[in-house]
Amino acid sequence: MSKIAKNTAFKKAGLWVLFLLLPGNYIQAQTAMVNVESRHLSSLNGEWQVILDPTRIGEWKQVWLEKKPKSKTDFVEYSFDGGPMLKVPGDFNSQLPELTYLEGIVWYKKVFHYKSTTEKRLFLHFGSVNYLADIYLNGEKIGSHEGGFTPFQFEITDKVKEGQNTLIVKADNQRLQNGLPGTGYDWFNFGGITREVNLIETGKIFIEDYSVQLKKGSLNKVLGWVQLNGSNVKQKIKLKIPELNKTYKTESDNKGHASIAFDSNLKLWSPENPKLYKVIIESETDTIVDTIGFRCIEVQGSKVLLNKKEIFFKGVNIHEENPNKGTRAYSKEDALLLLNSAKELGCNLVRLAHYPHNENMIKEAEKLGLMVWNELPIYQHIQFSDSLVPKKMETMLKEMIHRDRNRCGVVIWSLSNETYPGTANRTSALIELTKKCRVLDSTRLINHVINTQSYTNNAFNVSDPLYEYSDLICINEYIGWYIPWQGKPSDVKWKFAYPDKPVFISEFGAEALYGSNEGPTDEASGWTEEYQKQVYIDQLEMFKTIPNLCGISPWLLFDYKSLGRMNQVYQKGYNRKGLLSEKGEKKKAWYIMNEYYKKR
Ligand code: GCB
């Protein structure tokens, strides 16, 4: 190699390393608009061109510039043309065999046409991209977003061109030490543009956000607000509920904020009668239509009350996976597959583990009369002492609440799952987060799920500093599976550091391969349905010993992909704790749970 060539090669390698080390031009995404469906949309869903980048070199090559050769001796070592296409929305892993196990970068490209007008503003809205997203429009970086399960947007009014525009998205699902979740978790890391992408056109002043729900503790006082975005935002606002013949008039202040407060004789939302009303919000320049239900959820002493009546949560855990297809769930059809199965089991609540699921899940659950437990991906080993983590937690919390605050079906914000009291900063960081959550929304129950209770001599000792800040005492326990019984289930004793609060068993269960009925029924290692069934029988017996039990949710509805599950005979890359196999076959334990729920 000549000296010059060597130098150039060295410089290139050095540059590449530098690019890999640089944090990037990080322009944070805006909090996304709510109720996208009711806005003026052009969908960017469909086929997108992609470049697969498993060696992470596309950043150095500046793929977003889409360079073309300038002279006869010039060439460019990348192109979207001639490459594969992927469907958006959808995880990338399930779409091409070579992406099955990718935890890395895929570059996506979509061309769209736009006819601009001076009267309009334009936003680029993503339902979610797992996990890091860098967004480029016409060769310019417009921003980034971190977090695989919440929406984000950018205003592109001043950036969009008349005619043809090119959008490039770098989607990276590599695990991060200081990510949420971190590097270890028991589900499949589906990457890519997993939810919808839309262009939203608004007027100069538009309804950015609103909150309409019952005042905490009330069955007839509606409280809320409307927020306009733009300049000169003092406007007359109307909230209409046609079915009730109700028109409430208010006015926004010069910050665009208007308060709502009125009494009304409403039919309340409940699992038995999931009543939703058409609600129209009108400003002088914009109109939004939503479907909103009204209900009151609260803890009084050791009981949970829905609309002032005691309720027992008959729950089930669900991952956001279409079990039949082995893909990330995103569509209404996917949601109905999962939720109708929960209904058939006899549930009135779904715990959407362990991250905010797509909006179809929340909306369809609400229509079916299923209460929803929404959760943040603050899961097990989080690096709470990393200086960036508290901010990331707060942003994700805001994004989750912001998206779902008008969904009456959502009754629980669950802020963490199985974090460990010994982890540096964990308790203080999560207490802070809980306080922030209460400020953002005090009308729902807030909890942390804990699994560090002790179980010795057939007695549980339940204590964690986070319980002081939680409305429910949520416990994950796998007696009969990870931990053997130490006595008769009916003799279990309980000691609680907070004995007056309601108790929710948020996970219990055991693994079984559907149809595995050959092995001994009293040994876990046979993965038999019979063994799993016995764990359920014992657990249900044990639940009778729990004071203040307000609900349970077995782990979990369907078998699901989890590559850490490496028993080649029984698991084959699946967590087999489903009551249903991934094909929907009912295991013996399903019938036990179904009977229990029918009787409660
Ligand atoms: C747990 C976790 C859940 C796991 C489950 C299991 O405690 O919360 O995410 O998948 O146990 O199957 O071990």
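Buried here means under 20% relative accessible area, exposed means over 50%, and partly exposed is in between, with a 1.4 Å probe and protein chains only as cover. I362 sits in helix α4, residues 359-368. Helices are DSSP runs of H or I with at least four residues, strands are runs of E with at least two, and both are numbered from the N terminus.

Before I go on, a word on what you're looking at. This is a predicted model, where local features need pLDDT of at least 70, side-chain atom pairs count only at pLDDT 80 or more, and totals for chains, interfaces and linings use all residues. Residues are numbered from 1 along each chain as its sequence is written, and side-chain values use heavy atoms, with hydrogens and water left out.

Back to I362. Which residues is I362 in contact with, leaving aside neighbours within four places in sequence? Among them are L352, H357, V372 and R403. Contact means heavy atoms within 4.5 Å. There's also a distance to look at: the C-alpha atoms of I362 and A335 are separated by 8.6 Å, and these two are 27 residues apart along the chain.

H125 is another buried one, at 4% relative accessibility. You'll find H125 in strand β6. Beyond its neighbours within four places in sequence, H125 is in contact with a list including A32, M33, P151, F152 and E196.

Now look at D500. Is D500 buried or exposed? D500 is exposed, with a relative accessible area of 59%. D500 is in the loop between β32 (493-496) and β33 (503-507). Not counting residues up to four places away in sequence, D500 touches G301, S302 and N548.

Next, the ligand. How many residues surround the ligand? There are 14, and the closest are D186, H354, E418, Y482 and K577. A residue is near a molecule if one of its heavy atoms lies within 4 Å of it. The shell divides into five nonpolar, four polar and five charged residues.

Let's zoom in on some atoms. A polar side-chain atom of Y482 is 2.5 Å from an oxygen atom of the ligand. For N575, a polar side-chain atom lies 2.9 Å from a ligand oxygen atom, and for R565 an N or O atom of the side chain is 3.1 Å from one. Taken alone, the ligand exposes 320 Å², and the protein buries 94% of that. Those areas come from the Shrake-Rupley method with a 1.4 Å probe.

On to salt bridges. A search of the whole structure finds 42 of them, where a salt bridge is a side-chain nitrogen of Lys or Arg within 4 Å of a carboxyl oxygen of Asp or Glu. Here's one: E155 pairs with R121, and their closest N and O atoms are 2.9 Å apart. E155 is in strand β9 (residues 152-155) and R121 in strand β6 (residues 120-126), so the pair ties together parts that are 34 residues apart in sequence. E155 is partly exposed at 25% relative accessible area, while R121 is buried at 12%.

R405 and D209 form another salt bridge, with closest N and O atoms 3.1 Å apart. That pair links distant parts of the chain, 196 residues apart: R405 is in the loop between α5 (389-404) and β27 (410-417), and D209 is in strand β12 (residues 206-214). R405 and D209 are both buried.

Then there's E530 with K533, at 3.9 Å from N to O. Both lie in helix α7 (residues 529-543), three residues apart, about one turn of the helix.

Last topic: the backbone. Most residues other than glycine have a negative phi, and most peptide bonds are trans. But a cis peptide bond joins V88 and P89, and another cis bond joins W555 and L556. Then N457 has a positive phi of about 50° although it is not a glycine. N457 is exposed, with 73% relative accessible area.

How values were computed
A polar contact is a pair of N or O atoms within 3.5 Å; within protein, one must be able to donate a hydrogen and the other to accept it, and residues adjacent in sequence count only if both atoms are side-chain atoms. Ala, Val, Leu, Ile, Met, Phe, Trp, Tyr, Cys and Pro count as nonpolar, Asp, Glu, Lys and Arg as charged, and the others, Gly among them, as polar.
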